[in-house]
Amino acid sequence: MARTATIVRETSESKVELSLNLDGTGKTDIDTSVPFYNHMMTALGKHSLIDLKIKATGDTDIDAHHTVEDIAIVFGEALKQGLGDKRGIRRFADATVPLDEALAKAVVDISGRPYCVCTGEPEGFEYCMIGGHFTGSLVRHVMESIAMHAGICLHLHVISGRDPHHIAEAEFKALARALRFAIEPDPRVDGIPSTKGAL
């Protein structure tokens with residue numbers, strides 16, 4: 001069965017069209033209308049090997065927040081839909097990713113129980129403007145929105161970093177690599193990887 005999803009979400013603040021293939025090669029076509037977020041979502045698709053297409057518009061003349069948040073919500077929903085009953089997946093994975101002086105670690109459990117813990121971002125990171133439109137605080141908000149709407153447990157820890165661009169990119173790439181291994185089929189797993197029999 002194909003592990004794919006297509007979702008369109010339209011509100012008074014944004015319109016998001018997103019499709020993904022969890023068994024892809026990392027091919028992306030991203031237009032979020034927020035340039036730095038394009039860069040981050042392209043990295044997320046590329047390094048998770050999730051084929052990802054996003055077309056989004058919104059009230060970015062007011063703030064990037066609404067559009068960025070809505071894309072994260074839709075990505076989480078599509079991830080959940082694409083995973084189906086999660087039969088045969090590895091479920092748990094972690095990844096530690098460097099980007100020059102920055103180092104971030106992501107640990108994921110495709111558990112069906114949403115939870116998100118983000119720690120270690122340096123003081124003041126949340127106030128940094130990255131790429132002219134994207135504040136550092138949005139990184140954590142994106143991660144929380146993905147986790148809540150995908151139904152996954154995510155722990156994300158910034159181990160070191162100075163440059164806000166590097167820190168944010170290391171975080172997105174760490175999530176991508178952890179997702180790559182957590183959602184992939186495990187040839188040794190027969191059925192759903194839970195003692196409960198459901199995720």
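Where is Lys86 found? Point 5 takes this up.

1. Basis. This is a predicted model, in which local features need pLDDT of at least 70 and side-chain atom pairs count only at pLDDT 80 or more, while totals for chains, interfaces and linings use all residues. Residues are numbered from 1 along each chain as its sequence is written, and side-chain values use heavy atoms, with hydrogens and water left out.

2. Fold. The protein has four helices and ten strands, where helices (H or I, at least four residues) and strands (E, at least two) are DSSP runs numbered from the N terminus. Their order along the sequence is β-β-β-α-β-α-β-β-β-β-β-α-β-α. The radius of gyration is 16 Å, close to the 16 Å from the globule rule for 199 residues, so the protein is as compact as a globular protein of that length. That radius is taken over C-alpha atoms, and the rule is 2.2 Å times the number of residues to the power 0.38.

3. Of the 199 residues, 48% count as buried; buried means under 20% relative accessible area, exposed over 50%, and partly exposed in between (1.4 Å probe, protein chains only). Among contacts (heavy atoms within 4.5 Å) between residues at least 6 apart in sequence, 76% join residues at least 24 apart.

4. Helix H1. This helix covers residues 35-48 and spans 20 Å from first to last C-alpha, close to the 20 Å expected at 1.5 Å a residue; the expected span is 1.5 Å times one less than the number of residues. Its buried residues include Phe36, Tyr37, Met40, Met41 and Leu44. An α-helix has 3.6 residues a turn, so residues three or four places apart point the same way. Just after H1, Leu49 takes a positive phi of about 65 degrees.

5. Lys86. This residue is found in the loop between helix H2 (65-83) and strand E5 (92-99). Lys86 is buried, with a relative accessible area of 5%, and has a positive phi of about 70 degrees although it is not a glycine.

6. Asp100. Another non-glycine residue with a positive phi is Asp100, near 55 degrees. Asp100 lies in the loop between E5 and strand E6 (102-109) and counts as exposed at 64% relative accessibility.

7. Asp23. The loop between strand E2 (14-21) and strand E3 (28-31) holds Asp23, which is partly exposed at 43% relative accessibility. Leaving aside residues up to four places away in sequence, Asp23 touches Arg3, Leu49 and Pro185.
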